[in-house]
Amino acid sequence: MLSRQRKFLFFFLCFMVVQGLSAQQILSDSIERAIDRLLLKMTLEEKVGQMNQYNGFWDVTGPAPQAGADKFKYDHFKQGLVGSVLNVRGVNQVRKLQELVVNESRLGIPLLFGFDAVHGYNTVLPIPLAEAASWDLPAIERSARVAATEAASSGINWTFAPMVDISRDARWGRVMEGAGEDPYLGSQIAVARVKGFQGNDLSSPFSVLATAKHFAGYGFAEGGRDYNTVDVSALTLHNVILPPFNAAVKAGVASVMNSFNILNGIPATANHYLVQDILKKNWKFNGVVVSDWGSGVEMIDHGFAENLSQVASLAANAGSDVDMESYAYVNHLKEEVRKGTVSLATIDQSVRRVLRLKHLLGLFKDPYKYCDTTREKVYAMHPEHTQVARDMARRSMVLLRNENNVLPLQPQKKKIAVIGSLAADKNSPLGNWRLAAKDSSAVSLLEGFDAAGISYRYAPGVKLVTEGPVHFVQELAINNHDTSGIGYAVDIAKDADIVVMMLGEHGLQSGEGRSRAQLDLPGLQQQLLEAVYAVNPNIVLVLTTGRPLAITWAAEHIPAILLAWQPGSQSGHAITDVLLGQYNPSGKLPMTFPRSDRQLPIYYNQFSTGRPGPKKEVFWSHYIDESHAPLYEFGYGKSYTQFSYSDLQLSQRADTVLVSVKLTNTGSLHGEEVAQLYIHDRVSSLVRPIRELKGFKKVRLDSGASTVVSFELPTSLLGYYDGEGKLLLEPGWFDIYVGGGSAATLSAGFLYSK
Ligand code: BGC
């Protein structure tokens with residue numbers, strides 16, 4: 001028998017459904033009403049508490065801290081002055097802290113638990129830039145799902161990912177964390193990652209809140225120097241920087257993180273135009289805006305705020321809902337409200353956003369829903385995740401060069417030498433954001449070869465890292481003097497049929513705070529490469545890196561180059577699969593590889609200049625001491641087979657341009673190709689780029705087979721934003737290019753009329 005209350009609820013819901021209100025709407029109305037009721041009960045201090053986020057600090061399961069900063073934070077948790085926390089993880093720790101807050105604070109509002117599960121958790125997947133090279137949206141979504149599942153099973157319910165910053169400067173260490181230089185590809189990948197992290201249902205115990213970061217412009221730090229000034233035009237802002245954020249918001253991303261940089265002279269955390277006008281008003285974002293770590297207090301260093309009180313009012317009024325580790329809100333916001341610089345309505349709006357997320361996750365119903373030790377045992381590291389990691393790593397690799405079909409390797413017929421300290425390294429392949437993973441837990445290349453039964457002789461050649469800490473927060477000491485291992489490496493190379501050299505950056509040479517001014521092979525690796533080449537040019541270079549490198553010498557001399565990036569936990573197995581041809585590489589560059597770091601910034605979708613050239617005289621846009629062309633352009637990548645494009649056809653039907661092309665696998669192996677569609681707007685009211693990616697399809701074809709690849713290009717994608725962010729869709733001639741990279745030559749003109 002239904003109780004009277006339940007009956008009432010049942011009839012009420014039927015009534016609402018008959019009235020045309022969706023279940024979603026009913027749920028969201030009931031959440032808003034619950035928030036209204038809670039807000040009435042909350043003191044101003046408790047409200048500010050929901051806007052305050054602390055970093056984890058002491059072993060939560062141990063004795064309570066008795067003094068100092070730890071005690072201060074501990075007391076704040078008990079007093080309900082903290083709404084969320086980062087870096088507390090593991091079911092036992094999370095449960096203990098949640099119990100403290102739920103049982104001891106006056107209103108018992110549960111905490112959110114945040115963490116940077118960026119490319120995996122215990123199982124480390126390839127760095128995001130590598131994954132972007134797969135152009136494989138379902139695979140990227142799967143990868144984020146793995147990270148979410150493991151993190152959620154360890155007590156986490158909020159990840160600070162995906163990073164959707166577009167960047168054109170490989171000196172910036174954080175390019176490893178994004179999807180590269182293109183706003184269209186970046187937007188598609190942002191959506192895939194948000195879906196992967198959040199799943200279809202936020203109330204599932206395997207979903208975590210995602211965060212689109214860093215809002216906005218962080219990828220344009222001048223000179224690629226992290227935390228540096230950003231000074232971009234309104235056109236770049238609206239056409240390049242903002243689209244992936246907009247796509248993430250449309251995909252329902254739960255939170256957005258402020259960036260560290262200034263935009264138009266205003267730090268992003270206090271940037272009313274960015275956060276209130278664009279994000280919250282124009283895009284109707286109703287999730288939470290969280291500051292970056294200390295991005296509030298840094299406004300004092302920017303010379304934008306005098307003190308923390310001012311930081312608090314500036315950030316809160318600009319719409320930054322949660323203060324991560326600046327101590328501005330918790331210590332000063334109440335006073336700012338009393339002074340009248342911040343209104344109570346502003347506070348309520350921010351608190352509502354935080355409480356809404358807690359409701360959507362179901363934390364009010366069960367604050368411990370992420371605290372299941374059985375789930376933690378099973379899912380915090382699952383054999384299926386290992387498979388996904390291996391598959392994702394293979395899909396991420398890009399074959400840059402393969403002269404005379406050196407690859408795939410035929411180890412049974414050849415004597416193999418393996419050279420390079422990275423080949424034995426089990427730590428570097430984990431890349432940068434691997435805080436939850438065990439150090440040195442990746443499969444090394446040597447282990448991959450062993451598992452595949454490949455016999456080889458091995459020499460490290462030169463060490464990449466000298467003694468000293470190899471740690472997330474510290475700079476690595478790179479070996480620039482010890483060449484003692486080169487002699488032995490040369491000896492084994494002389495005696496081999498083929499030399500596999502694993503060279504490049506260490507996994508902790510890219511990431512936050514790790515900008516480089518030079519994009520060469522770090523340390524003594526170039527010297528090692530040339531010494532080995534002098535005795536045996538039959539080299540396969542496996543390049544590991546978190547960013548594009550200027551490997552021009554290698555590109556001119558080394559017959560085969562496989563870009564492996566930082567492939568994650570399954571590194572050695574995945575690289576071996578590709579080298580042996582058990583997986584035919586299909587990755588395409590999501591970011592231009594320069595010939596020299598002096599060409600930076602370099603990117604494919606540059607504006608048309610008035611002097612494109614080449615010309616006989618010097619008066620055209622170029623360098624006199626270096627080509628102005630990239631080493632490998634955006635979208636470039638080879639396969640062990642070959643593809644050709646023909647029969648490009650265009651037509652317009654209502655709001656869609658139909659583009660079709662015949663794709664043929666002309667080689668002798670089956671393989672996958674990423675067919676890419678670019679547009680060029682011939683004449684427009686504001687100058688447009690020479691090419692812009694507007695579509696892509698990943699297609700699998702057997703040897704000798706052909707297929708017709710069709711694109712339905714919405715005409716809205718022919719438009720662009722003006723400096724105010726208004727979409728301009730102008731009739732006129734467009735060129736359409738289709739091919740296997742941004743240098744595609746197959747093209748056709750097309751007259752767009754409204
Ligand atoms: C980074 C963010 C990250 C945060 C929390 C900051 O230094 O810029 O991307 O989410 O730390 O770890």
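Contact means heavy atoms within 4.5 Å. Helices (H or I, at least four residues) and strands (E, at least two) are DSSP runs, numbered from the N terminus. The structure is a predicted model, in which local features need pLDDT of at least 70 and side-chain atom pairs count only at pLDDT 80 or more, while totals for chains, interfaces and linings use all residues. Residues are numbered from 1 along each chain as its sequence is written, and side-chain values use heavy atoms, with hydrogens and water left out.

The secondary structure comprises 21 helices and 25 strands. Along the principal axes, the C-alpha atoms fill a box of roughly 80 × 65 × 60 Å. A compact globule of 754 residues would have a radius of gyration near 27 Å, and the protein agrees, with 27 Å. This radius is taken over C-alpha atoms; the globule rule is 2.2 Å times the number of residues to the power 0.38. Of the 754 residues, 60% count as buried. Buried means under 20% relative accessible area, exposed over 50%, and partly exposed in between (1.4 Å probe, protein chains only). Among contacts between residues at least 6 apart in sequence, 78% join residues at least 24 apart.

Axes are lines fitted to C-alpha atoms, for helices over the stretch in contact, and angles run from 0 to 180 degrees between N-to-C directions. Angles under 35 degrees count as roughly parallel, over 145 as roughly antiparallel, 65 to 115 as roughly perpendicular and the rest as oblique. For residue classes, Ala, Val, Leu, Ile, Met, Phe, Trp, Tyr, Cys and Pro count as nonpolar; Asp, Glu, Lys and Arg count as charged; the others, Gly among them, are polar.

Helix H12 (residues 308-318) packs on helix H13 (residues 328-339) at an angle of about 75°, with the axes 8 Å apart. H12 is therefore roughly perpendicular to H13. From H12, Leu308, Ser309, Val311, Ala312, Ser313, Ala315 and Ala316 take part in the contact. Their partners in H13 are Ala328, Tyr329, His332, Leu333, Glu336 and Lys339. The contact of H12 with H13 has 8 nonpolar, 3 polar and 2 charged residues.

H12 also packs with helix H10 (residues 272-282): the two axes come within 8 Å and cross at roughly 25°. This makes H10 roughly parallel to H12. His272, Val275 and Gln276 in H10 meet Ala316, Asn317 and Ala318 in H12. By class, the contact of H10 with H12 holds 3 nonpolar, 3 polar and no charged residues.

Helices H4 (residues 68-78) and H5 (residues 91-104) have axes that come within 7 Å and cross at roughly 50°. H4 is thus oblique to H5. Tyr74, Phe77 and Lys78 in H4 meet Leu97, Leu100, Val101 and Glu104 in H5. The contact of H4 with H5 has 5 nonpolar, no polar and 2 charged residues.

Helix H16 (residues 383-396) was checked for length. At 1.5 Å a residue, its 14 residues should span 20 Å; the end C-alpha atoms are 20 Å apart, which agrees. The expected span is 1.5 Å times one less than the number of residues. Buried residues in H16 include His385, Val388, Ala389, Asp391 and Met392.

Val288 is found in strand E9 (residues 288-290). With 1% relative accessibility, Val288 counts as buried. Not counting residues up to four places away in sequence, Val288 touches Trp158, Ala254, Ser255, Val256, Asp321, Val322, Arg353, Val354 and Leu357. Ser350 lies in helix H14 (residues 344-361). Its relative accessibility is 3%, so Ser350 counts as buried. With the sequence exclusion of up to four places, Ser350 touches Met51 and Asp321.

Backbone features occur in several loops. The peptide bond from Phe215 to Ala216 is cis, with omega near 0°. Ala216 is placed in the loop between strand E5 (211-215) and helix H9 (234-250). Another cis peptide bond joins Leu600 and Pro601, with omega about -5°. Pro601 lies in the loop between helix H21 (571-579) and strand E17 (643-653).

Asn404, not a glycine, has a positive phi of about 50°. Asn404 is in the loop between strand E11 (398-402) and strand E12 (416-419), and counts as exposed at 75% relative accessibility. Trp565 has a positive phi near 60°. Trp565 sits in the loop between strand E16 (560-563) and H21, and is buried, with a relative accessible area of 0%.
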